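Work through the exercises below with the sequence and the model open. Each task is followed by its solution.

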Amino acid sequence: MSQLPPCPRCASEYTYEDGVQLVCPECAYEWTEAEAAAAAASKVVRDANGNELQDGDTVTVIKDLKVKGSSSVVKVGTKVKGIRLVDGDHDIDCKIDGIGAMKLKSEFVKKA
């Protein structure tokens with residue numbers, strides 16, 4: 001059995017096929033495989049304020065972030081230049097002065 005994608009509206013994993021359409025039993029949303037592929041290709045990453053982020057933008061950290069595996073902390077107001085958007089759990093790859101390469105979640109930054 002092939003793995004069906006989760007519902008794009010409510011993220012439910014219990015989707016099923018009904019002919020050529022995919023259906024979510026929890027929110028009753030219906031879509032096709034082509035619509036799901038187009039939505040995945042046009043993924044938009046937004047900051048904490050809802051502004052769209054792009055590669056090369058400069059962002060500011062809005063919350064103290066502990067660096068995993070270290071006693072360092074990325075302080076509020078730290079500017080990060082030249083971000084790179086990636087897929088996965090953390091949306092942003094960047095280099096922070098004094099710390100080095102980091103992965104950040106877009107919900108903890110705002111566009112500068």
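**Exercise 1.** Sort the lining of the largest pocket by residue class.

Solution. The model is predicted, so local features need pLDDT of at least 70 and side-chain atom pairs pLDDT 80 or more, while totals for chains, interfaces and linings use all residues. Residues are numbered from 1 along each chain as its sequence is written, and side-chain values use heavy atoms, without hydrogens and water.

Step 1. A pocket is an open set of points on a 1 Å grid over the protein atoms alone, where a 1.4 Å probe fits, with protein on both sides within 12 Å along at least five of seven lines; lining residues have an atom within 4 Å of a point.

Step 2. The lining consists of Asp64, Leu65, Lys66, Val67, Lys68, His90, Met102, Lys103, Leu104, Lys105 and Phe108. Strands (DSSP E runs of at least two residues, numbered from the N terminus) S5 (65-66) and S10 (100-104) each give two or more residues, and S10 has the largest share, three.

Step 3. Five lining residues are nonpolar (Ala, Val, Leu, Ile, Met, Phe, Trp, Tyr, Cys, Pro), five charged (Asp, Glu, Lys, Arg) and one polar (the others, Gly among them).

**Exercise 2.** Which type is the aromatic pair found in the whole structure?

Solution. Step 1. Rings of Phe, Tyr and Trp (its six-membered ring) pair if their centres lie within 6.5 Å; planes under 30 degrees apart count as stacked, over 60 as edge-to-face and the rest as tilted.

Step 2. The search finds one pair. The ring centres of Tyr29 and Trp31 are 5.6 Å apart and the planes are at 20 degrees, so this pair is stacked.

Notes:
Helix = DSSP H or I, 4+ residues; strand = E, 2+ residues; numbered from the N terminus.
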